[in-house]
Amino acid sequence: MTTASLARKRRRPRWGSYAVWFVLFCMAIVFLMPVYVMIANGLKDAQSVSLQRMWLPPSQLSGANGFVGAWERLSPNLMNSLSMVIPATVLSSLIGAINGYLFAKWRFRGSDIIFTLMLFGFFIPYQSILLPLVRTLQIIGLYGTLPGLVLVHVIYGIPITTLIFRNYFANVPTELLDAARVDGAGVITTFIRVMLPLSIPAFVVVGIFQFTNIWNDFLFGVTVVPNPARQPVTIALNNLSGTFSVEWNVVMAGAVVAALPTAILYILLGRFFIRGILAGSVKG
Amino acid sequence: MTTASTDSTPTVRTAPVETQRWRLSETMQTLLLLLPSIVALAVFVYVFISFTFWVSLSNWRTLRVDLSLREPLFATYGELFAMARWQADLRNTFVFTVFFIAFAVTLGLTLAVMLDRHLAGHHIFRNIFLFPYALSFVVTGVVWRWIFNPETGLNLLFDLLGVNYLLAQIGAGPLRPGWITDPTVVAQVNGILAAVLPGAESWQVRWGIPLAMIPVAIAATWQLSGFVMALYLGGMATISDEVREAARIDGASEFQIYHRVIIPMLRPVTISVVVILLHVSLKIFDLVYTMAGVGPGFATDVPAIFVFEQMFKATRYNLGSAAAIIMLVLVALVIVPYLASTLKEES
């Protein structure tokens, strides 16, 4: 290769890099535009929010901005969401850890088929089980309650938490298990003594994945809990958005409030969030 | 438990009888531990689906439960497919799926290729593009509903940026699409379909592209193209630099390296991406429901909204169940081959 062609090769990516960087920068602005709309209009008060001024920042910050109204209306539902999401996330992660360990390390005849049949439950449109689900919850007395919603999220969360833990534990060397078995540890003891201490990163990944999924759910919340006072925040936000008497600065602020917990989680633990995406969508 | 150590290496079977006994007992433990999950999912997935299927064949169409089977057996399905609304739903899902997957894969892949160069600040860019994925579809729907409101949002931005001024200068009318409120269906193909498919002339719905569906596909792209990008970036990270270097030495340009080498190597990722997006789009509910609702003339109605309304508002349980079963079949057509191939690959 001549020096001239080497120089060209080095120069071309540089100019290209500036162009690419500029495109990325413009895309970032487009991606952030809805976030700006939410925050800027949420910060306006009832007098200064108007359709004609959607793209303008709030002229002054008054104590009567949309966030005050949104917090007033949505904070009970925010608490409902929290008291539902946390137990559901913890329970489904624990069950997924045990299942994933068993499917990865104690394979038996037909275990892969059972696992695949379980995994199918993650992909089904939940519309196809809603009617019997509601009837069942009514019979066992959990319909319309947050514990009922927790139960639903735990059960339908099992496939995906099992998948992520199974893929994680598959990479743990089997020699570690063998060593525990030499010491006389059984299936459960091995799990508690050997696997659990190794699985903290997997718990973080699954925990974030499930917290986000369950927090963002709409369908189960709206069908299992008809009472507005007990509904999770996503359903309350939708109700707020459809109420004509509510100014849309309150709706925009409400969208920020409803998005805040998962957004904070994402900003603080984005690395694990990405690992969750990769673990939850690409098999093997 | 001392004998258990011998069967950890299955090739060494000194005492076959005992080994088998221990294996069995450990398998029994495994099965017992798995049993609650297996039973729960067997009931909550498979028994429940069977129940819904039964309801779809039944006479249950009021609040009063009636599980007697309808005559003829699939009458409700016939009724469903004859409904103009359901036909519109199938059309909308098809149009949404095509636009959404085309947009999201193109954008996600483009972003991944650009970020793969590790320019200054690429972590920040990546986090910005992926951020919408952390949000609820409800939040996305609520915000984009205002951005695509014809009275404000993008149309106002066109005014502010001078787009409409420029259009007026060249003698064109202002750019003011109705977005999600537009009932227009363009590129209608009813005539062609009627000529090709027997029975198509009886379809009540205008087959074509409902314009109101495109803003919904754009909002969904905003939410999920970062996810596509993340999957592609994950795939690109596994391709070693030597592969690129080899292509570079062979004289390939940066574009050719991606076009000819890297993207073909990422075929498994592309398959995963398309399968996941396809099943998302077949099930799409919250986003459309909060952003556009059923739309003018069912221009943005989708099967998931149809099922929800038939079951929980109109109490037409058999009709809603039939529609739900069709949704399930569509999703299964995509997911079952995918899961089966993964299962085969692993074993």
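The axes are lines fitted to C-alpha atoms, for helices over the stretch in contact, and the angles run from 0 to 180 degrees between N-to-C directions.

This is a predicted model: local features need pLDDT of at least 70, side-chain atom pairs count only at pLDDT 80 or more, and totals for chains, interfaces and linings use all residues. Residues are numbered from 1 along each chain as its sequence is written, while chains are lettered from A and ligands numbered from 1 in the order in which they are written.

**A perpendicular pair in chain B**

Helix 2 (residues 75–82) of chain B packs against helix 15 (residues 317–346) of chain B at about 80 degrees, with the axes 9 Å apart. The two helices of chain B, helix 2 and helix 15, are therefore roughly perpendicular to each other. Helix 2 of chain B contributes Thr76(B), Tyr77(B), Glu79(B) and Leu80(B) to the contact, and helix 15 of chain B contributes Asn318(B), Leu319(B), Ala322(B) and Ala323(B). By class, the residues of this contact are 5 nonpolar, 2 polar and 1 charged. Here Ala, Val, Leu, Ile, Met, Phe, Trp, Tyr, Cys and Pro count as nonpolar, Asp, Glu, Lys and Arg as charged, and the others, Gly among them, as polar. Two residues are in contact if their C-beta atoms, placed from the backbone, lie within 7 Å.

**The two chains**

Helices (H or I, at least four residues) and strands (E, at least two) are DSSP runs, numbered from the N terminus. A residue is buried with 20 or more other C-beta atoms within 10 Å of its own, exposed with 12 or fewer, and partly exposed in between; C-beta atoms are placed from the backbone.

| Property | Chain A | Chain B |
|---|---|---|
| Helices and strands | chain A: 11 helices, 0 strands | chain B: 15 helices, 2 strands |
| Buried share | chain A: 49% of 284 residues | chain B: 40% of 347 residues |

The radius of gyration of chain B is 26 Å, well over the 20 Å of the globule rule for 347 residues, so chain B is more spread out than a compact globule.

Take contacts between residues at least 6 apart in sequence. In chain A, 77% of them join residues at least 24 apart. In chain B, the share is 67%.

**Where the chains meet**

The contact takes 75 residues from chain A and 82 residues from chain B. Helix 1 (residues 16–57) of chain B gives the largest share of the chain B side, 17 residues. That side of chain B has 55 nonpolar, 19 polar and 8 charged residues.

**Local detail**

Helix 8 (residues 200–215) of chain A has 13 of its 16 residues buried, so it is largely enclosed by the rest of the structure. Helix 3 (residues 111–123) of chain A has 13 residues. Its buried residues are Phe115(A), Met118(A), Leu119(A), Gly121(A), Phe122(A) and Phe123(A).

Thr238(B) sits in the loop between helix 9 (213–237) and helix 10 (241–249) of chain B. With 9 C-beta neighbours inside 10 Å, Thr238(B) counts as exposed.

Notes: Parallel < 35°, antiparallel > 145°, perpendicular 65-115°, else oblique. Expected span 1.5 Å × (residues − 1). Rg over C-alpha atoms; globule rule 2.2 N^0.38 Å.
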